[in-house]
Structures are given as C-alpha cells and as structure tokens.
Amino acid sequence: FIQMLRGAKKRDVLQLLRRAPEEARPFLVEAAVATQSVASLAALSDFLDFSQEPKSLLEKFLYTAAFSPRPSGELLQLVLDKLDGKQLAPEVWETGIVAVGSLVGKLCQQKLCGLQQVVERGVETVLRGLRGAEQEPKVVISLLALGNARLPETIPTLLEHAEDGPRAVTTAATSALQRFPAAHISSKVKQVMRRIFHQKRKSYDKTCRLAAAEILLDNHPLPMDVINILLATSEMETEVATFLLLKVQNSLRDHHHLARKIMKDIMGDPRINNYNFFSKAGISSSFSGPLAVTQDLTSTFGLDLLFLEGGFLRKSVSDFSLLSHGQRLRAAQVTFEAQGMESMMGESLSEGEEEPELMAGMAATFFDVQLRPIVFFQGYTDLMGKVLLSSAEPTSVVRGNLLLMDHHQVIPLQAGLQVTIKLQAGLGLDISADMDVSIWEQELKTSVNARGSLAMDFQAELDSPLLQATLRSQTEVETSLHFDTKLRFSSSPVLMCLQLREEQVPYR
C-alpha cells in the first residue's frame, strides 16, 4: 500500500482518506504517515482536523509518526503545526508531546539536529510545555517526552526535576534519565543519583531511589558506588533491600552487563559477600534471562516485582529486549504501578515519607518510544467506582501497523553493473493490558496480551542493457505472548502466581 501511495498525487490521497469507510481510515492514516511523501503529508494536513476528528484517529496519527523508523523534518513540522495553539483533549495533547519527543530524538540520531530549524522548534515546544505546566501530570508528560528525545543538552533540566520536584515528577525525571546511553551518564549525573539514593537533601519515594541506584549500577559504576549501595541495604526495608540485592546478583549472570567485572571483584570480598547482606527474606524479585540466542542477536525477558512490606504489589515491570553488537533495543516494556495502598492495608509509612495519593496505572515503552501512561484509578472514590462498574474489558495499549524498515540502496559492482536493493518490513501490533483489584477477596490480577505479525519484503535487482535479474524474498512471522500475575494477600505469606505463555509461532 505504501509503494502504491508513493506515486500518488495529493488529490488522490485526500480523496482516498475522505471516501474510505470509517473502519478503514486508521489503516490509511498509518500508511500515509509511513509513506512520508510530500503529497501524502499534504493530504494528511488537509484531512486531519484536530478540533473535530475522533480522539482515537488523532492518537493513531501521532503514534504512527512517533514510531516512524526514519522520520523527515516535514513529518515533525506537520505534527507541530497540528498541535500548535489549539484547545486539544488532554489525551491528544499528551500523545502529541510524547510523539514530538520521539521524532526529535530520531532526527538527531540522523545528524539533522543543527541542520533543520524544525528540530529546534520541537525541542522548544517540549521545554515550553514543561516550563508552563501548572499541573503535575503535564510536567510528567513533558519529562517523558524528553526521555524519548534523549538529548544530552536536556540532562541538566532532568536532573533539576529529579532532585527537587514533587513525588511523581522526581520518579518521571529519573526514569527519563535511565533511558540515556552510558556515554551521557556523566560524573555530575552520578553525583545527583547518589544524593537521591542516599536521601542527602530530602526523602524520596522508594521507586525513585531504586531508579537512581540502577543508573549508578548500570553505567560503568565505581566500585565505591556498588559497595555503598550494598551497605545501604542493611538499613532499608526488607522488600527494597531484597530487590536491590537481586539486581546486583543479576548483573553477575548477565554477560553483557557493563558492571559485571566490578561486581565479580567486589563479590570476592567476604566482608561484602556474606550471609548478613544476602539473607534478606523479602518476596520482591528481579530476574532476567535469554529467550532466544543467535550469533548476532540475543532476545531477553526480564521481570521486576517490588512489593510493599505487607505483601501488596507496588510495581511490576516486564521487559522484552533485543541485544546486538553492543546495542540494546527495548522492544516492549510494560510497567504496572500501584501506590497509596499502605493506608488501605493498615501499613505505616517509612520515616519522613509523605503519604501518596491512592492510584494504579500502567506505562508502556515499545521500540524505545515511551507511550502516554494510562491511569486505571486515581483516588478512593474512583477506585470504588471502577470496582463496582468494572467492564472486564482489557485496556488497549497500542494497536496498529508500523513500518519498521524502509531501505533503498544502489551498489555499483566491479564489472560496471549496479544492483538496486530494496528492503521493507512492517509490524502489526495489538497489545492490551488489564489490572483488576478485588478489595473483598484481597486479590490483584494483572495481564498483558501481546500479539504481533512481522512481514519482510526483500528485493535485489540487476538491470543492464544485456541482462536483467531479480531476486525476491518474502517472510512472514506471527507471535503471541500472554503474561499474567495473580496475587492473593488475604493471608501471610502472600500467594503469588506468574504465568508466561507463548503460542505457536507460524513462520512462512
């Protein structure tokens, strides 16, 4: 469809969008964004009315732009023009800011940062949103957008919010900093992370402290940092200490981990590697291991579960990553988070810790693009309403078609002939998630369902006046993963069931 649209005029694309039945429009919008021709972008500009179109179609357009493998400056220009100066629904504005961050980051990866004025406009749009935000959720979204952009010049802004912001803001800023490559985690960043982890200036939420510890451990750590983190676990709550110690032990098993050698040296010291440190009996866990390994690619699955002292789940992170030649791609990461449950469970807070608002939500990252977070409930009244009026329908996280690769290359051969190579790959994705809290039965269930189909089309063509030869290959693969957790906290110890199911993978 993209190949067909590349040769189409603006008039034809616009007519196609306007005349298409409603259920086909999302697919056509995805294809027009992926085409990125002048005609298709101009047609989208005329077709999409951000003051009238249904929210779902506008979000589809913005997410397709965010996932574009090699976006153009014109695509970013279109997104910015559509967001500029309009009264938008909160969900559309949030998705738009997240998409702008992703587009800016990808254009800078293509070394177009200083060359295109639109990139500066994109960065300024996110920073202006951050400076002008009066409500906490807007600050959080702008910080997540900076995490998508991963621009080194925004690190001081992120550090300022990480150290001095309110609870939700510090957590969002530290998670954005976690996404930067090791080369940008400077001594100044590490200094701030030490102050957050050791709570030098004020008390921080446990998830924020753990994120700070992970930044220190995952980016060429100093031996002293590792030792200090391990020593600090002896004064921490059992669950947080258990989680951190498992993180350290995981890095010893991970052959790709930057700190593996340092960890091994430290573990050789019996003053550190002893029963006193590693006998924490919490139920929190952190695990990562390979799903599939080939000569060039390693696919891994990781699962982090952080519990409260009373056994209630505070945060769960399931992560599917691809590692190849020193590069890491976070293919899918889904985070469930519940806070403020301590008071409901009759638990006391840690000293100096402020009581958070009752909330449960989910955040997802796909192909290194952080999506807009989803809130299941916020506040006790909202929780009761959701419990009583539960629809039992899972929440759609992302659904649609993405162009993963679009490569065109001409290779001159020594014989004087030339070969034209074309490679396209598309991904159909449908990911939904659900979280169900039962106050009466004292149960919590979470489920993530991910279905995907990948299609690749490769063509090599030799064309000369004397001979013509074409080699073509088409590959299709489908896969489906289901990850469920069920917790029953009516008795002690807490009963926990985890299930990861993978259906058969048809490959053609």
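**Entry 1: the core**

I started with the largest nonpolar core, which has 140 residues. By a nonpolar core I mean a set of buried Ala, Val, Leu, Ile, Met, Phe, Trp, Tyr and Cys residues joined through side-chain atoms within 4.5 Å. I count a residue as buried under 20% relative accessible area, exposed over 50%, and partly exposed in between, with a 1.4 Å probe and protein chains only. Leu44, Phe50, Phe61, Val104, Met193, Phe366 and Leu371 have the most contacts inside this core. Helix H7 (residues 90-109) gives the most to this core, ten residues. My helices (H or I, at least four residues) and strands (E, at least two) are DSSP runs, numbered from the N terminus.

A note to keep beside every entry: this is a predicted model, local features need pLDDT of at least 70, side-chain atom pairs count only at pLDDT 80 or more, and totals for chains, interfaces and linings use all residues. Residues are numbered from 1 along each chain as its sequence is written, and side-chain values use heavy atoms, with hydrogens and water left out.

What does Leu44 touch, leaving out residues up to four places away in sequence? I found Leu17, Val29, Ala32, Val33, Phe61, Leu78 and Lys82; contact here means heavy atoms within 4.5 Å.

Next I looked at helix H10 (residues 155-164), where Ile155, Leu158, Leu159, His161, Ala162 and Glu163 are buried. The cover over these buried residues includes helix H8 (117-132), helix H9 (136-149), helix H11 (167-177) and helix H12 (187-197).

Then I turned to Glu214 in helix H13 (residues 206-218). Is Glu214 buried or exposed? Glu214 is buried, at a relative accessible area of 15%. Not counting residues up to four places away in sequence, Glu214 touches Gln178, Phe243 and Lys247.

Strand E2 (residues 298-307) and E3 pair in the antiparallel sense over ten bridges, and Leu305 has Ser316 in E3 as its bridge partner. Their hairpin has five residues between the strands, and there Gly311 takes a positive phi near 100 degrees.

Leu322 stands opposite Leu329 in E4. The E3 and E4 hairpin has two residues between the strands, and His325 takes a positive phi near 50 degrees. I also noted that strand E3 (residues 313-324) is mostly covered, with nine of its twelve residues buried.

**Entry 2: Gly289**

Gly289 sits in strand E1 (residues 285-293) and is buried, with a relative accessible area of 15%. Its contacts, leaving aside neighbours within four places in sequence, are Ser299, Thr300 and Phe301. I also looked up Gly289 and Met496: 207 residues apart in sequence and 20 Å apart in space, C-alpha to C-alpha.

**Entry 3: the open sheet**

Which strands form the open sheet, and in what order? There are five, in the order E8-E9-E10-E11-E12, with antiparallel pairing. Strand E8 (395-412) and strand E12 (495-502) stand at the edges with a single partner strand each, so one side of each is left without a neighbour in the sheet. E8 pairs with strand E9 (residues 418-438) in the antiparallel sense over 16 bridges, and Pro412 has Gln418 in E9 as its bridge partner.

**Entry 4: rings and charges**

I counted five aromatic pairs in the structure. Rings of Phe, Tyr and Trp (its six-membered ring) pair if their centres lie within 6.5 Å; planes under 30 degrees apart count as stacked, over 60 as edge-to-face and the rest as tilted.

Phe1 and Phe27 form an edge-to-face pair, 5.4 Å centre to centre with 70 degrees between the planes. Phe1 is in the segment before helix H1 (2-6) and Phe27 in helix H3 (residues 25-35), 26 residues apart. Phe1 is partly exposed at 42% relative accessible area, and Phe27 is partly exposed at 40%.

Phe301 and Phe320 form a tilted pair, 4.9 Å centre to centre with 40 degrees between the planes. Phe301 lies in strand E2 and Phe320 in strand E3, so the pair ties together parts 19 residues apart in sequence. Both Phe301 and Phe320 are buried, and together with Phe483 they form one aromatic cluster.

Last, I checked charges over rings, which need NZ of Lys or CZ of Arg within 6 Å of the ring centre and within 35 degrees of the ring normal. The charged end of Lys138 sits over the ring of Trp93, 4.8 Å from its centre. The charged end of Arg209 sits over the ring of Phe197, 5.2 Å from its centre.

Definitions and conventions. Pairing = 2+ DSSP bridges.
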